[in-house]
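Colleague: I would like to go through the ligand sites of this model. Can you take me through them step by step?

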Amino acid sequence: MSHDAVWLNASLATFDGGSDAYGTITDGAVAVRDGRIAWVGKRIDLPASWRAAKQRDCSGYWLTPGLIDCHTHVVHAGSRAGEFEQRLNGESYEAIAKAGGGIVSTVRATRAASEEQLMAQSLHRLKRIVAEGVTRVEIKSGYGLTTVDECKMLRVATRLAEAASVRVSRTFLGAHALPPEYAGRADDYVTLVCEEMLPAIAAENLADAVDAFCENIAFSLEQTTRVFKAAQALGLPVKLHADQLTDGGGAALAAAFGALSADHLEYSSATAVAALAKAGTVAVLLPGAFYMLRETQLPPVDLLRQAGVRMAISTDCNPGTSPCTSLLLMLNMACTLFRLTPAEALQGVTCNAAAALGLEHEAGRLKPGLVADFALWDIARPAQLAYAMGANPCVGRVLGGRLCRD
Ligand code: DI6
Ligand code: FE
């Protein structure tokens, strides 16, 4: 069945230039052909050739690009509520990780789960993310840490697209934590990641990008460099968890490799910011992890802004440092905690989130040629999406021109 139609009677936030930071068009129209945007503009300017097309009435709602959650670990098993309690009793994230808790406890649960169990637990969370107007989600592996279990996670990520009516970008994060069986042998584990896991994942086409956790509790600059070289040799783009807990030089390394994104960045230096700007690497800011860790070091937002580094915002949905399934709440926190403007925050979950996934010419704006993925909102102005806490004004999601039933 064709979903070619003209979407009418909506205010548009195109994020594609125009009179304000949202690219607002009042009384707009969006024409869709073959799942892609064919025309965007004011209704009165709609070309005559579209006047006889099927019409979809948006009832005066706001229509934006479908939101993109560009950094999640939504596929995992188990919960870390106990660890949360430990932290409130004074234990630090690093100390818990060193004592065999933290990421490694989720690794145990994820290894123990069958593909179907992992699917069921993850789908439940993903549906909550998607319900807030999200049409694309990035999903990382990184809680398997064996070839079999990393592939299991990425297969679940692949299958979730259909199950949750959402587009999925899959990222291989084998270098997330050192599995206990490799204690004291981190370089050997990195060899496994580069020489066994990556080729297996590339051969099965299970990943769209490769990520690593570059941090003193995880992998060094040298180890990250090995992973990046192996990824690029297989033609896979890279991204990095960088400078989250310390200034370890991760963001500068990501820039040196032309990474799609460098994520977290609380401790990134001015030099690193300049390198990101030069490389065109997107800064992915994760206010949920900042909040959950009760971090006080703010990411260098003013420097990023001045340098023209594109900023994206994401949930970082993960069981340890950001058990969050609300991208709208992250908009609010990006504004209140990081002092982004509502327009910057919204660019961070649309056009800049697309760029963080290497999809800036595919998604994230209302622009001819891009996918017809939309969210419809019962709001009076776009800033309302960043203003409210705990509200969900999403009244419809459109994927490739087709209205989703959810
Ligand atoms: N940084 C994070 O915030 C998450 N992973 C990472 O590399 C934490 C993941 C976890 O604690 O389970
Ligand atoms: Fe993360």
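Modeller: A residue is near a molecule if one of its heavy atoms lies within 4 Å of it. Keep in mind that this is a predicted model.

Colleague: Which residues come nearest to ligand 1?

Modeller: There are 14 residues around ligand 1. By class, this shell holds four nonpolar, eight polar and two charged residues. Those that come nearest are Arg-80, Tyr-93, Tyr-143, His-176 and Thr-321.

Colleague: How much of the accessible area of ligand 1 does the protein cover?

Modeller: Start with the side chains: an N or O atom of Tyr-143 is 2.6 Å from an oxygen atom of ligand 1, and for Thr-321 the distance is 2.7 Å. A polar side-chain atom of Asp-316 lies 3.3 Å from a ligand oxygen. On its own, ligand 1 has 320 Å² of accessible area, and the protein covers 100%.

Colleague: What is the site of the iron ion (ligand 2), tetrahedral or irregular?

Modeller: The protein donors are His-71, His-73 and His-241, each through NE2, and Asp-316 through OD, lying 2.1 to 2.4 Å from the iron ion. Along the chain they follow the spacing H-x1-H-x167-H-x74-D. Four donors count as tetrahedral if all angles lie between 85 and 135 degrees. Here the angles among the four donor atoms are 80 to 165°, so by that definition the site is irregular.

Note on methods:
Residues numbered from 1 in each chain as written. Chains lettered and ligands numbered in written order. Predicted model: local features only at pLDDT ≥ 70, side-chain atom pairs only at ≥ 80, totals over all residues. Heavy atoms only, no water. Polar contact = N/O pair within 3.5 Å; in protein donor to acceptor, adjacent residues only side chain to side chain. Areas by Shrake-Rupley, 256 points an atom, 1.4 Å probe, with all protein chains shown as cover. Nonpolar A, V, L, I, M, F, W, Y, C, P; charged D, E, K, R; others polar. Donors = N, O, S within 2.8 Å, 3.2 Å for Na, K, Ca; no water. Tetrahedral: all angles 85-135°; square planar, octahedral: opposite > 155°, others 65-115°.
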